[in-house]
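Keep the sequence and the structure in view while reading.

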Amino acid sequence: MEMPEASPVASAAMAAPSLPTVLIAEDDAEVRELLATQLAAHFEIVATAADVAAAIALGAEHRPDIALIGVQMPDGGGVRMARELRARTPGTTIVALSGDESDGLVRDVIASGATSYLLRGLSRAELALALLEAQAASGSGHPLPTLLIADDDADLRELLALQLGRHFTVVATAADADEAIALGAEHRPDIATIDMQMPGGGGLSATRELSRLSPATAIVALSGDESDMIVREVIACGATRYLRKGIPRADLALALRDAMRAHAHLGTG
């Protein structure tokens with residue numbers, strides 16, 4: 001299948017995306033430390049605050065992309081923080097975190113300026129994705145990345161498209177390697193997931209050709225085979241990352257975003 005090869009300039013011109021900046025406001029020191037640890041791989045933690053006054057001052061100083069605020073903090077708690085941060089740093093996406101989901105409290109915090117309201121106990125991946133989704137919903141984040149899904153199992157293709165459609169714009173799905181290559185060259189998505197056991201040349205062929213034709217696309221291989229040999233082969237063919245099939249939705253979506261960032265850094269290196 002002959003297709004025009006993408007210019008190598010496209011890869012070199014990719015801008016490595018910076019991490020969104022986050023302010024964490026929580027009066028429980030252990031919770032603050034846990035949140036900072038959970039989010040450090042996916043965000044730049046610019047400050048943490050132990051009380052409302054400090055959170056407001058640090059928000060005005062750093063103007064973070066996202067403020068994660070504990071609703072039950074003293075001195076007005078999340079309602080006061082959301083109101084003050086919205087007034088002083090209108091570009092900041094405010095996300096409330098609480099163990100209380102009573103309708104009245106949720107309404108008050110959202111009315112005061114928070115974009116979303118999260119319950120405590122989310123996994124690391126779920127929390128990180130929720131912050132990114134809140135930023136996108138507020139209009140201050142980047143558009144959803146475009147995604148190509150390639151897998152010969154129709155049910156799995158549909159499931160992946162459904163699971164990942166909240167976090168990516170699925171521009172196409174492919175049932176075999178040839179279709180993956182053609183659709184990848186046509187759409188040049190930000191990221192592609194490639195099944196290693198597809199017909200039509202298999203995942204290795206699709207990875208190699210898509211990497212050549214659309215160098216700006218981050219390629220993530222999906223397979224049930226985690227042997228060292230297949231991992232080395234697919235990475236050598238141009239994949240950014242290798243993931244096993246069946247990992248939880250949030251972990252998969254976050255891993256794809258991480259792969260995009262890693263690929264962009266490689267392109268600017």
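## Helices α3 and α4

At what angle do helix α3 (residues 52-62) and helix α4 (residues 77-88) pack? The angle is about 20 degrees, and the axes are 10 Å apart. That makes α3 roughly parallel to α4. Angles under 35 degrees count as roughly parallel, over 145 as roughly antiparallel, 65 to 115 as roughly perpendicular and the rest as oblique. Axes are lines fitted to C-alpha atoms, for helices over the stretch in contact, and angles run from 0 to 180 degrees between N-to-C directions.

The crossing of α3 past α4 is right-handed. A crossing is right-handed if the near helix is turned clockwise from the far one by less than a right angle, and left-handed if anticlockwise. On the α3 side, Val52, Ala55, Ile56 and Gly59 make the contact. On the α4 side, the residues are Gly77, Arg80, Met81, Glu84, Leu85 and Arg88. Contact means heavy atoms within 4.5 Å.

## Model and overall layout

This is a predicted model: local features need pLDDT of at least 70, side-chain atom pairs count only at pLDDT 80 or more, and totals for chains, interfaces and linings use all residues. Residues are numbered from 1 along each chain as its sequence is written, and side-chain values use heavy atoms, with hydrogens and water left out.

The chain has 11 helices and 10 strands. Both are DSSP runs numbered from the N terminus: helices are H or I with at least four residues, strands E with at least two. Along the principal axes, the C-alpha atoms fill a box of roughly 65 × 35 × 30 Å. Of the 269 residues, 46% are buried. Buried means under 20% relative accessible area, exposed over 50%, and partly exposed in between (1.4 Å probe, protein chains only). Among contacts between residues at least 6 apart in sequence, 63% join residues at least 24 apart.

## Helices α8 and α9

Helix α8 (residues 177-187) and helix α9 (residues 202-213) have axes that come within 9 Å and cross at roughly 15 degrees. That makes α8 roughly parallel to α9. The crossing is right-handed. From α8, Ala177, Ala180, Ile181, Gly184 and Ala185 take part. They meet Gly202, Ser205, Ala206, Glu209, Leu210 and Leu213 of α9.

Threonine 207 sits in α9. Threonine 207 is buried, at a relative accessible area of 0%. Beyond its neighbours within four places in sequence, threonine 207 contacts Ile194, Met196, Ile219, Val234, Cys237, Gly238 and Ala239.

## Helices α2 and α6

The axes of helix α2 (residues 29-39) and helix α6 (residues 124-138) come within 9 Å and cross at roughly 80 degrees. That makes α2 roughly perpendicular to α6. Leu35, Gln38 and Leu39 of α2 make the contact with Arg124, Leu127, Ala128 and Leu131 of α6.

Two alanines of α6 are worth a look. Alanine 130 lies in α6 and is buried, with a relative accessible area of 13%. Its C-alpha atom is separated by 15 Å from that of proline 145, 15 residues apart along the chain. Alanine 134 is also in α6 and counts as buried at 4% relative accessibility. Not counting residues up to four places away in sequence, alanine 134 touches Thr93, Val95, Thr115 and Ser116.

Which residues of helix α7 (residues 154-164) are buried? They are Arg157, Leu160 and Leu164. Seen down the axis of α7, the buried residues fall within an arc of 65 degrees, so they line one face of the helix. The arc is that of the directions from the helix axis to the C-beta atoms. The face turned away from the buried side carries the exposed residues Asp155, Glu158 and Leu162.

Aspartate 153 caps the N-terminal end of α7. One of its side-chain oxygens lies 3.0 Å from the backbone nitrogen of aspartate 155.

## Positive phi in two loops

Arginine 63 is in the loop between α3 and β3 (66-70). Its phi is positive, about 45 degrees, although it is not a glycine.

Arginine 188 is in the loop between α8 and β8 (191-195). Its phi is near 45 degrees, again a positive value in a residue other than glycine. Arginine 188 is partly exposed, with a relative accessible area of 37%.

Terms used: A polar contact is a pair of N or O atoms within 3.5 Å; within protein, one must be able to donate a hydrogen and the other to accept it, and residues adjacent in sequence count only if both atoms are side-chain atoms.
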